[in-house]
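Here is a friendly note to read with the model open beside you. Take the points in order, and find each residue on the screen as you go.

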Amino acid sequence: MIGFLGDFDLAEEAAQDAFAIAAERWPREGTPANPAAWLITTARNRAIDRIRRNRTLAAKVRLLEMPEATEDEMDETTIPDERLELVFTCCHPALALDAQVALTLRTLGGLTTDEIARAFLVPTETMAKRLTRAKRKIATAGIPFRVPPPHLLPDRLAAVLAVVYLIFNEGYGGRGELAAEAIRLGGALAELMPDEPEVHGLLALMLVNDARRAARFADGEVVLLRDQDRSLWDAAAIARGRAALDRALALGGRGPYALQAAIASLHVEDEPHWRRIAALYGELARVTGSSVVELNRAAALAEAGDVEAGLELAESLELDRYHYLHATRAELLRRLDRVEESRAAYLRALELVHSEAERRFLQRRLAELR
Amino acid sequence: MKYVLLIHQGDTPLPGTDEWAQLSEDEQKAVYADYQAINQTPGVTPSDVWLESPETATTVRVQDGQTLTTDGPFVSVKEALGGWLVFEADNLDAAIELAARIPAARMGGGIEVRPVKE
């Protein structure tokens, strides 16, 4: 719809109209033989109606000249998967990075503005303005709705990968359908750019981590990696992920996604080699300069047996508003039998945590201290 | 779509300056050739107005009914406008590619690509 109309908001309104009509009509008249085609046809015709009524959109004259579509003309095969065009448009360099991420999450991920705002720790109002400005810029400045031509494609990829990864992470916290969407996008990118190691690296990372989805929660409660029921791990996804990792490494990949995928792959071995994992986190921290990665290295060091080194590293990091920092400190302090400090750290983590399941997990750990 | 490409020379060596004289003859010729090629690009309306340098500008503001005049451009001299082109293009990517060919873009200045209201 967006490719057809060149306007996000108009496409959204037309789609909503179509769904509203369907909701009202289909229970009475029965579901059409091809519901998707009916919806798209109806949405297109509603959009044409709106444009005709709105004179200021006279620039879209070419649409007025199009005959109204009929259902017979559309079948499943003519409905294009525009998600790749959409993701490259959303990630166009003329948009600020935070706008790229927000727009992709909103249009491809289907998150609400409020959910996106919470994910990035900004007020909803700020995020709403960011989205509006970005959509206006796409329309007004003529950002094309397309997959970039070959000479531009490599440069446009880095932003797209970053955004896909962010979508995956939002899904990984519990919204499973978002993770699947990110993996689908990642798979499509891997087909489109088979010689890019980081594309395979990202796909590998997402697959291996997502494979553990069913085991991460039991009855809505968080289950740590070491306690997970491995029969719930998706072995096929892990295999697919490792195949993608092999491709990335064969292409010489030592970038952030390939490294993270290698770490993820090591995590799901029967006896994870924590020292090797810690070393890879160290390499990754050098490549990215990320304190969060250093926090992961701290945890790996502790798992390898060096709890004090892990705690020292964790406490050197400037991540005071990051609940995982305090949760990690709390756990390491507990192992060192520093109970009061551990309690304080759990309380601080509880102030900052978002997810209800993680809140309950932290509360349980806190209660076990007493 | 119509775009205006606003050329900010920034640190770009300009004819008549010492910095320009320090460029090789080939580099100087390349600059002229690039501008000529750009002016001949389909869709480009060459500008018949070329501005004097930003140092020659005067900025006018009115505050509480008083006209205030300051020497120089509205922004810093380095940031000020040097000239512009009008370009009819299919989309922003095409305008960006043209902007990248303008010498100022690679020599210490920047090109602002702004869509024209339709």
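1. For the complex, the predictor gives an ipTM of 0.82 and a pTM of 0.60. The mean pLDDT of chain B is 92, with 100% of its residues at 70 or more. For chain A the mean pLDDT is 83, and 77% of its residues reach 70 or more.

2. **Where to read with care.** Residues 55-67 of chain A keep a pLDDT under 50, and the model gives them seven contacts beyond four places in sequence. In residues 71-77 of chain A the pLDDT is also below 50, and this stretch has 12 contacts in the model beyond near neighbours in sequence. Where pLDDT is low, the predicted coordinates should not be read in detail.

3. **The sheet in chain B.** In what order do the four strands of the open sheet in chain B lie? Reading across, the order is β2-β5-β1-β6, and the pairing is antiparallel. The edges are taken by β2 (44-45) and β6 (110-115) of chain B; each has a single partner strand, so one side of each is left without a neighbour in the sheet. As background, strands of a sheet pair through backbone hydrogen bonds, either parallel or antiparallel.

4. **Following the pairs.** How many bridges join β1 to β5 in chain B? There are seven, between residues 2-8 and residues 81-88, and the two strands run antiparallel. You can trace this on screen: Lys2(B) has Glu88(B) of β5(B) as its bridge partner, while His8(B) stands opposite Leu81(B) in β5(B). The pairing of β2(B) with β5(B) is antiparallel too and rests on two bridges. Here, look for Thr45(B) opposite Val86(B) in β5(B).

5. **A helix pair in chain A: α5 and α6.** Two packed helices are described by the angle between their axes and the distance between the axes. Helix α5 (residues 83-90) and helix α6 (residues 97-107) of chain A have axes that come within 8 Å and cross at roughly 155°. Because of that angle, α5(A) is roughly antiparallel to α6(A). The crossing of α5(A) and α6(A) is right-handed. From α5(A), Leu86(A), Val87(A) and Cys90(A) meet Gln100(A), Leu103(A), Thr104(A) and Thr107(A) of α6(A). This contact of α5(A) with α6(A) has four nonpolar residues, three polar and no charged ones.

6. **A second pair in chain A: α16 and α17.** The axes of α16 (residues 291-303) and α17 (residues 307-315) of chain A come within 7 Å and cross at roughly 165°. The helices α16(A) and α17(A) are therefore roughly antiparallel to each other, and their crossing is left-handed. Residues of α16(A) in the contact include Glu294(A), Arg297(A) and Leu301(A), and among those they meet in α17(A) are Val307(A), Gly310(A) and Leu313(A). By class, the contact of α16(A) with α17(A) has nine nonpolar, one polar and two charged residues.

7. **Where the chains meet.** How many residues of chain A are in contact with chain B? Eight residues of chain A touch six residues of chain B. On the chain A side of this contact, six residues are nonpolar, two are polar and none is charged.

Note on methods. Residues numbered from 1 in each chain as written. Chains lettered and ligands numbered in written order. Predicted model: local features only at pLDDT ≥ 70, side-chain atom pairs only at ≥ 80, totals over all residues. Pairing = 2+ DSSP bridges. pLDDT = per-residue confidence, 0-100. Axes fitted to C-alpha atoms, helices over the stretch in contact; angles between N-to-C directions. Parallel < 35°, antiparallel > 145°, perpendicular 65-115°, else oblique. Left-handed = near helix turned anticlockwise from the far one by under 90°. Contact = placed C-beta atoms within 7 Å. Nonpolar A, V, L, I, M, F, W, Y, C, P; charged D, E, K, R; others polar.
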